[in-house]
Amino acid sequence: MAMRKAFTGGACAPGGQEQTMGNNAFTNMIDYMVSGGASASQKAEGFVPQMDSSNIAQMEAAYADQQKMEAMTKQFDAMSMPQQVMPQAPAPQEHISQPNIDQMNNLWNNPVETNKHADIEAIEHKFSNMPVHAQNFTGLPGMMGPMMYPPMGMGPQTMAPTTQQPTEEIKVEEVPEVVKVDDQMLKDDMKESTAYLINKLSQVPSEKMQNSQFLGFLKQMNSGALEVDENGLKENPQKMKEFEDAALKKARMDAEWYKDPIDGNLEETKENQKFYGEEGIIKEKDPFTNFDPHEFFKDSWNADELKEDELQKMMANWKAQAMKSQDFYEETLTQPPTETVIQVPKVDHFKFEEDNPYSNVEDAYTLACQLNEELKVHDAILALKAHLTKEPEHAPSWRMLGQLYQENDEDDKAIAYLLKAYELDPYDCESLLYLGVSCTNELNPKVAMNHLLDWLRYHLDYSDLPIPQEHIEDQDLLRDELRGLLNQALAKNPNDVDVLICLGVVEFGERNYRGAAEYFGQAVEREPNNYNYCNKLGAALANHLRTDDALQMYDRALALRPNLVRTWANVGVAYCNRDRFDEAAGKFMNAIALNPDAEHLWKHLHACFWATKEFEKCEQVKKRNIEYFRGEYDIINPEMLQRSEL
Amino acid sequence: MESFTASNNIAANFTGEELKSEEIFSMMTEYLARGEGADLSDKVGAIFQFDVRAKKGGPIVGSWEIDLKSSPPSCKKGKSSGPDATFTMIDSDFEKVCMGTLNPQMAFMQGKMKIKGNLGKATKFTPELFPPPTEENIAKYAKAKL
């Protein structure tokens, strides 16, 4: 009886409870592996062999395997159901926290240790104290939902016992029932239990597990390629071939699956459209017929990712391209049209317009400065471009172009022009300051901060500070370093408002809007009529959700500079933040009237009318028909504006 | 070195099309920074990283971290130091998932979305956690500029 218990995992507990695991062909198979042939099959059939030394060794071996089985099953459960309630098994000493794949694989590889001086009673004692291994098969993780491979019934324990278990005493002398276990039952049992284990193992998100020999072995058993008979494991040649063919076919099919030209972007072919319907939701073919979860997962986990060295290569590539400066800009900046709400072809920043009214002017740069004073920003830009066509190396023109675009709420173009200015004249600190601002707006605080670091480096007054030679990659380190240096600069020159602005920009980039507002507030105190500072303070206040104070600041900026597109846009954004979309629309319209080239302004306007559900207006926005709104909204007239200022 | 970091910035901005993901993550960042969705840390309790490709088979052009474990939860641009799960997908698919027109389970089945790491935690990320990135919402969570 004890012998049977050894191989049935203590199926007969003292309390007579049916053990949920162990009394099946799988454990019997273990016997085969360990103790060999005929005796094992006899045990499966319930014979009681004689107790002699070799049997004892076998018992110990079997016990060891039993323990391994239990340990493994515990680990499977621990891996796949980390949040599930653990079974109320009294097994405090068997705490398994981390699944250890290697250990589990090795369990099957390591030879069994035998203790020559086994005490039969001790062994029996251990058996009777083995915990009830109630197993909660609560199925698979939620994500896969109803689509997923359903749980395998309740695992192997639903299999009806092949033998009747006596419910009372468990003594060695007890005569077991003899029940003939036929081959088919064995096979079914094997299939069920291997399927259960395969299922569990497949949920482990580890490449090693998926590729493990053990899993492969289980699958072979499951498919019938490997069989168990009285002599042990045997290959069924026909089934094995089938198994291998199927595996190969699956591998090929999966490779095809991933080569499938279905991608979510706009160039979906008509064929894919038909197959996948409107939004990539499968209409015709049901992907879940023949769905094999473990094979599917295996390929997902093995999928490619961008490796570190590939990333380095890519960045090096960018750098090489950047060295070609002008060519690089021209290449990358002529892009195909974007699929936005409004279709607009992208403009090449460095191809200036052919018919430029200022192309024959002597010193277009000076003229541009003058035009800017007169609030004629559009004309000033044209004049600058005319000048640059003649003198492409004139750094101040590039810088001014960058500044004007920044004020016109086009940071991306501003960055391009400012970089050009900096390239031509590394000591042009103003460009670096503007760059810091635009990069921050474009949500690139690290790049912005490195620009500000350069600003310090090339600044006449501050170049003697302990500025690190190279750019700093780590953002936190960079921020701390920069803050320290800027404070040192401020200590050196307490009246330098630029340093205050830099400090504010750093805080703004780190989303510390309160800190930013403090610095910008100081700047505004020093120079109350500086529209640029007023706008910055307003922006910091707005992002800190002090909308009313922000609007006051914006008003002040606009009083000083009525054509400041950036601020009009900021006002619109402020109203949107407060869900006042109809009022916001009017503000965006003013911004657009001053600079119709800014894409995102049209998008914002469209969003406003979408929110207020005025769809006819949305259509007009798409057509870029600003005149449509002139009656209803009090839109700024740029011409009028400028004349009245003079 | 200067031109490298600067052109890094440019390349990120001019990848042919502007990344929709950039807009969406900006919105999420702002949404969380404003203190909305503060209960997400309790509900989810995991850190996710999103790697976005511009197009299929292309390199990863942007990574974002959504930290729904710390209190308060946050979102930031850049790779995560300790994500529980990492999602990789192309920009337009990500937008579809966020808008609810592409089921995340479907995306995973079709291979449009790859997941690495703790699958159990990955399943906790659903688009319903955040407001959909409609035009209205993106405008609502827009930020003022310097």
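The model is a predicted one, in which local features need pLDDT of at least 70 and side-chain atom pairs count only at pLDDT 80 or more, while totals for chains, interfaces and linings use all residues. Residues are numbered from 1 along each chain as its sequence is written, chains are lettered from A and ligands numbered from 1 in the order in which they are written, and side-chain values use heavy atoms, with hydrogens and water left out.

In chain B, 5 strands make up an open sheet with mixed pairing, in the order β3-β2-β1-β4-β5. Helices (H or I, at least four residues) and strands (E, at least two) are DSSP runs numbered from the N terminus, and two strands pair if DSSP finds at least two bridges between them. Because β3 (74–77) and β5 (113–117) of chain B stand at the edges with a single partner strand each, one side of each is left without a neighbour in the sheet. Within the sheet, strand β1 (residues 47–53) of chain B pairs with strand β4 (residues 85–90) of chain B in the parallel sense over 6 bridges, and B:Asp51 has B:Thr88 in β4(B) as its bridge partner.

Helix α4 (residues 91–99) of chain B packs on this sheet, where it touches β1 and β4 of chain B and makes about 110° with the direction of β4(B). Contact here means heavy atoms within 4.5 Å, and axes are lines fitted to C-alpha atoms, for helices over the stretch in contact, with angles running from 0 to 180 degrees between N-to-C directions. Helix α2 (residues 20–33) of chain B lies across β1, β2 (60–67) and β3 of chain B, and runs at about 145° to β3(B).

Turning to chain A, the axes of helix α20 (residues 445–458) of chain A and helix α22 (residues 497–509) of chain A come within 10 Å and cross at roughly 160°. This makes α20(A) roughly antiparallel to α22(A), a word used for angles over 145 degrees. Among the residues that meet are A:Met449 and A:Trp455 in α20(A), and A:Val499 and A:Cys502 in α22(A).

Elsewhere in chain A, A:Ala517 is found in helix α23 (residues 513–526) of chain A. A:Ala517 counts as buried because its relative accessibility is 11%, and buried means under 20% relative accessible area (1.4 Å probe, protein chains only). Not counting residues up to four places away in sequence, A:Ala517 touches A:Leu537, A:Ala540 and A:Leu541. The C-alpha atoms of A:Ala517 and A:Leu541 are separated by 6.1 Å, although these residues are 24 residues apart along the chain.

How values were computed
Buried means under 20% relative accessible area, exposed over 50%, partly exposed in between (1.4 Å probe, protein chains only). Angles under 35 degrees count as roughly parallel, over 145 as roughly antiparallel, 65 to 115 as roughly perpendicular and the rest as oblique.
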